[in-house]
Structure formats: structure tokens, C-alpha cells
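User: Hey, I've got this model open and would like a quick tour. Can you walk me through it?

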Amino acid sequence: MSSEQHRDTFRVPAHLFAELAAGGGSAQAVAVLERGERARRLLLLRTLLDRLERLPTPLTPAAEAWRVLKEAAERAPGPVDRLLLAPATGGWIAHLLRRTHGTATGPPLWVEAGHLNALAVAASLCAGTGTALRVALTDGALFLPGLGLARLPSGPRHAEVGLARTHAGELTLTGPEGDAGPAFLTCRPTTAPLGAGPDARVAADDGNAGWLPLRTLTHHGPAGAVAIPLDDLGPYRDLDDPLPPARLAAAEAAAWQRLFGEAAALLAVPGGTGPGRVDPAAIRAVVPFGRTGPAPSDPPTTPVSASSGDSYGGMVIARPAAAPALAETLVHEFQHSKLAALIHLFPLLDDDREERYYAPWRADPRHLTGLLHGAYAFTGVAGFWRDRLNAARDPGQAETAGYHFALRRTQSRLVVRTLLTSGRLTAQGHALVSGLARTLDGWLREPVPPAALGRARTAAALHRTEWRLRNVAPAAEPALRPRPDRTFWPDVRTLAFAVRPAAPRTPDEHLAAGDPATALAGYADALARDPAEPHALAGWIVARAVLGPGRAARRMLARPELPRPLPDA
């Protein structure tokens with residue numbers, strides 16, 4: 001492994017680019033993206049090492065830490081490469097470069113720069129080499145990437161310098177001199193795999209008092225068992241600023257393993273590598289968000305997740321209630337990772353970063369890059385639900401899967417049209433978006449249960465109508481003019497319309513149940529109380545269009561923000 005710059009041209013074979021452009025990607029295509037990310041990491045590390053040479057630090061110099069890391073890579077290239085490609089490593093590099101540019105904040109800069117020393121120690125332990133490096137301790141602890149957290153007994157409650165020695169896989173960590181002499185710890189760092197069988201006991205075992213192991217989700221794939229970090233310890237596991245550890249309770253960690261296993265089983269679709277398919281082994285890390293134990297609150301019904309282009313293969317996820325929601329989230333976030341890796345290789349568009357475009361999955365206007373990310377991610381989501389529809393074992397499953405498939409294919413195709421007509425795509429960007437268009441156009445011809453299709457079309461119209469009412473100012477010209485008073489609003493309809501209500505009560509429920517006349521009357525009653533309420537007005541406009549489709553209804557749906565006579569209750 002070397003951080004030296006080379007002039008070799010990185011190429012993506014045309015047939016693999018075509019797979020990615022269609023929204024999918026074989027293992028070979030994903031491997032090409034990973035090689036590109038590896039090359040990018042090394043280039044960024046070279047830039048970072050140049051900057052760290054001039055940084056005053058009480059730690060072992062960055063050049064020596066890099067030498068230790070390279071020596072470990074020669075002994076054990078696979079494990080050290082996994083450390084290099086870990087999402088948290090990418091997050092740390094990006095964050096520290098922002099620190100050196102003065103666009104991010106954090107603890108003392110020498111402490112954050114010292115993460116390179118921790119990486120070198122972890123690499124040395126994985127390779128079985130020997131070294132001695134001065135490292136940064138935070139609250140008496142040292143996080144070792146890919147392994148876990150070493151905690152000194154009675155360690156200092158602030159940033160300090162320690163000494164980490166490694167020999168044949170054993171760590172000796174020594175803290176600063178105290179009243180009773182220096183605190184020290186000796187252990188053999190290992191991770192704690194979650195899963196069935198004997199390893200399940202590890203979920204409740206946090207090791208000895210000085211070693212807190214990083215837990216890993218176990219995935220049993222065709223090539224054998226794969227360990228995917230469930231990262232609740234690393235300082236750079238989030239999308240930007242460093243975080244303290246937030247250890248999951250044993251029961252919560254076990255719940256993650258059960259749900260992940262069920263989600264992986266759903267994703268094991270034989271035949272093909274199209275959109276919506278993801279090999280769980282390609283996921284580099286899952287970061288739990290928002291809850292460290294199974295109580296007191298229930299898991300969210302609306303998926304909550306995020307990822308970063310700096311952290312390929314990593315995803316921050318609030319544990320959902322059911323396996324299909326987690327599987328959908330894994331697909332969604334891995335699509336973002338794939339597209340970010342492509343953007344690192346090719347300029348796909350010329351984005352002026354102006355937030356003026358409609359995104360059917362957002363409450364706010366988006367810029368073109370955000371629109372492209374959404375189109376790519378939700379094409380994958382549509383493919384995931386297409387697989388669920390084809391595998392449905394009863395009418396209820398077919399209704400639910402059919403709704404999500406129909407909704408996301410329609411919304412994604414709308415955004416693809418916006419991108420293709422924007423005039424801002426590069427040649428590679430046009431090829432990519434055209435590939436998505438071909439995928440979606442084929443899907444739009446596939447049958448969906450009629451009731452599910454009707455609800456999906458209604459939900460899509462409701463979201464766009466309410467979005468324009470809340471975000472677009474009335475204007476004579478068709479160009480979008482943002483409202484100055486726009487605020488965030490919750491989308492409560494997209495998930496609610498997935499299932500036909502058995503006993504509808506609200507106007508939304510009547511509309512979802514296929515009774516637009518009763519829904520129209522209910523919306524009119526609400527508007528009599530508040531004529532400008534966007535949620536009710538959007539419902540009234542769409543219900544009226546369902547009852548009386550025609551030119552007037554199409555004009556009203558196209559530009560619902562224009563003034564018009566108020567409905568009569």
C-alpha cells in the first residue's frame with residue numbers, strides 16, 4: 001500500500017457502467033467502485049499527510065504512523081485494506097481536511113489528527129507486527145478502528161497522551177503518569193460477533209473492564225460468514241463531527257442481529273443483479289441511530305436513515321420495526337453509496353446548487369445533485385418492491401408491494417425527466433440517467449394490482465400538489481418562484497396510502513379507500529374552517545380531479561398554487 005500518486009488512468013468497463021446506469025450492478029461492478037474509492041482514499045491521505053507534517057503534536061509524527069500502517073499492509077493486505085475502506089476512515093479524512101481548511105470544528109486538532117496513529121495501531125494488531133506509538137486518549141480511552149475501545153482504569157477525563165505498544169496481536173496501553181503511577185492495560189483486542197449459535201452469547205459480553213469490543217452483524221452468504229460492524233463506538237461513525245461512544249444494550253444489539261438476518265434473507269433474490277438487489281456483504285458498516293435500548297419507545301414507522309459520499313458502504317439507521325423496512329433502507333442507502341462513488345470517478349452534471357426542483361420524496365426544493373441522488377436511490381427502492389411483488393404469497397402482500405413499486409417507479413421517472421431536460425448533464429451523466437429511464441420505462445408497462453395502482457397514483461398527486469402549495473409562490477409565469485414563508489411539513493400520506501383502510505373516518509382515509517366524493521366533502525369542511533390549509537386544499541384538489549378528470553382538473557393539478565374559487569362546503 002502506498003500513498004504516492006500515480007498517473008495510471010482509472011477506467012470503468014462499458015458493460016459494468018451500463019449495469020450501474022440501469023440502477024443495479026453486479027459484484028464485478030461494485031468491486032470497480034470499491035477500487036475507485038480505495039484510490040481516492042489514498043490520494044486524500046497523501047494530501048492529509050502533507051498537511052499534518054506541519055502540525056505541532058505531542059504524538060508520534062504522522063509519517064511514522066503511516067510507516068507502521070504500510071508495514072502492516074505488507075504483512076496482512078486484506079485486513080488493512082478493510083480498515084482503509086471503512087466508512088469511518090473516509091469520514092475522518094473528510095472531516096480532518098475540513099478542519100485544516102477551517103470549515104469544521106472539533107477537539108484540539110492534534111487529537112483528531114491522532115486518529116491516524118490509532119489506525120496504525122489497529123493495523124499492527126491485525127497483522128501481528130510490533131510497534132510503539134504515542135496516541136491520543138479521550139477520557140482515558142483509545143478507540144481502535146475495526147476492533148473496539150480500550151479503556152484505562154481511572155483514566156483522565158480529558159484529552160491526554162498515552163503509549164500504545166503492540167506485539168503479536170497483543171496491546172499494552174499506558175496512560176500518563178498519575179499519583180499512583182501510570183495506568184496501563186494489556187489485552188488481545190477482538191470484535192464481538194452477533195449471530196446464532198455460540199456467538200450469540202457475545203452480545204451480552206462486553207469483555208473485561210478494559211476492553212469494549214466492536215460488535216459485528218453476522219451475515220451468512222454464499223462465500224461463508226461475513227462480519228459487518230454494528231458501530232456504536234467509533235468517533236467518526238456519524239456523518240460529520242466526532243461523537244462519544246453510545247453503547248447499545250445487549251438486547252438492542254441482539255434485536256439488530258435478528259432484524260438484519262431477516263432483511264438479508266429478503267434480499268437474497270436469485271437471478272440477476274438489477275436495481276433493488278444488494279449483497280449484504282457489500283455493506284461496510286451499520287451505525288445505530290437514536291436508541292441504545294429496546295425501551296421505552298417503539299421503533300419508528302417511517303424509515304430514518306442517512307449516508308455520506310465520504311463514507312462508502314456505511315449507513316446511519318434508526319432500527320425499524322420490521323425486516324422489509326430495514327431491507328428497503330439497506331437498498332436505498334447503498335444506492336447512494338454507489339452513486340457517490342460514480343460521482344468521484346466522473347463529472348455527471350454541472351450543478352449551480354440552486355434549490356428549485358421538485359423531489360417527490362422531500363418536503364423542500366432540491367438542487368440537481370440531490371435530485372440525481374434521489375432518482376438513483378428510489379429506482380433501487382422501486383426494484384426492491386418489484387421483487388417483493390413478484391414473490392408475494394397472498395393478495396395482501398401483493399397489494400402492499402404493488403403500491404410501493406407503482407409509487408416509486410412513477411416518482412422516479414418524473415425526476416428522471418426533469419434531469420434529462422435540465423440541460424446540465426455531462427455525457428456520462430446523460431448516459432447514466434438514460435439508463436435509469438430505460439429501466440423505469442420498462443417497469444411502467446408491468447402490471448400492478450389495480451387498487452394498489454390507484455392509491456399510488458393518488459398519493460403521488462397528493463404529494464406534488466401539497467409540495468407546490470407549500471413551496472411555490474403564485475406567479476403568472478410558469479417558472480418556479482419559491483415562497484418566502486415555506487417551512488418543513490410532514491408527509492403523512494405516502495405510507496398511509498399503502499394499505500386500503502377497512503373503516504375509513506378521515507377525508508384521507510376515504511380517498512385511500514376509493515371514495516373521493518366523501519373525501520371531497522370532508523376536505524371542503526376543513527377548508528371552511530381554514531381556507532388556506534395546504535394539506536386539506538391538496539386533498540380537495542386531488543379528490544376533485546379523481547371525480548372529474550379533464551382539462552380543468554389537469555390545469556389545477558399542474559399549478560395548484562394559482563388563485564381559484566374556494567370550495568363550497
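Analyst: The largest cavity holds about 60 Å³ of space. This is a predicted model, where local features need pLDDT of at least 70 and side-chain atom pairs count only at pLDDT 80 or more, while totals for chains, interfaces and linings use all residues. Residues are numbered from 1 along each chain as its sequence is written, and side-chain values use heavy atoms, with hydrogens and water left out.

User: What counts as a cavity here, and what is a volume?

Analyst: On a 1 Å grid over the protein atoms alone, a cavity is a set of points where a 1.4 Å probe fits but cannot get out; a pocket is an open set with protein on both sides within 12 Å along at least five of seven lines; lining residues have an atom within 4 Å of a point. Grid points are joined across faces, edges and corners, and a volume is the space filled by probe spheres set on the points.

User: How many cavities of 30 Å³ or more are there?

Analyst: The structure holds 1 of them. Its lining is made of Leu45, Trp66, Leu69, Val80, Leu83, Leu84, Thr89, Leu116, Leu119 and Ala123. Helix H3 (62-75), helix H4 (77-85) and helix H7 (115-127) are the elements that give two or more residues to that lining. Helices (H or I, at least four residues) and strands (E, at least two) are DSSP runs, numbered from the N terminus.

User: How do the residues of that lining divide into nonpolar, polar and charged?

Analyst: The largest cavity has 9 nonpolar lining residues, 1 polar and no charged. For the classes, Ala, Val, Leu, Ile, Met, Phe, Trp, Tyr, Cys and Pro count as nonpolar, Asp, Glu, Lys and Arg as charged, and the others, Gly among them, as polar.

User: Switching to sheets. What order do the strands have in the one with S7?

Analyst: The order is S7-S9-S10, in an open sheet of 3 strands with mixed pairing. Strand S7 (192-193) and strand S10 (224-229) each have a single partner strand, so one side of each is left without a neighbour in the sheet. Two strands pair if DSSP finds at least two bridges between them.

User: Do S7 and S9 run parallel or antiparallel?

Analyst: Parallel, with 2 bridges joining S7 to strand S9 (residues 215-221). Pro193 stands opposite Thr216 in S9. Helix H8 (residues 250-267) lies across S9 and S10, at about 20 degrees to S9. Contact means heavy atoms within 4.5 Å. Axes are lines fitted to C-alpha atoms, for helices over the stretch in contact, and angles run from 0 to 180 degrees between N-to-C directions.

User: And what about the sheet with S11?

Analyst: That is an open sheet of 3 strands in the order S11-S13-S12, with mixed pairing. The edges are S11 and strand S12 (305-306), each pairing on one side only. S11 pairs with S13 in the parallel sense over 4 bridges, and Pro288 stands opposite Ile317 in S13. Helix H9 (residues 323-345) lies across S12 and S13, at about 140 degrees to S13.

User: Now His95: buried or exposed?

Analyst: His95 counts as buried because its relative accessibility is 0%; buried means under 20% relative accessible area, exposed over 50%, partly exposed in between (1.4 Å probe, protein chains only). His95 sits in helix H5 (residues 87-101). Not counting residues up to four places away in sequence, His95 touches Ala104, Thr105, Glu112, Tyr236, Asp240, Asp241 and Pro242.

User: What does Gln411 touch?

Analyst: Leaving out residues up to four places away in sequence, Gln411 touches Pro360, Trp361 and Ala460. Gln411 is part of helix H11 (residues 395-420) and counts as buried at 2% relative accessibility.

User: Last one: where is Asp139?

Analyst: In the loop between strand S1 (131-138) and strand S2 (141-144). Phi of Asp139 is near 55 degrees, a positive value in a residue other than glycine, and Asp139 counts as partly exposed at 38% relative accessibility.
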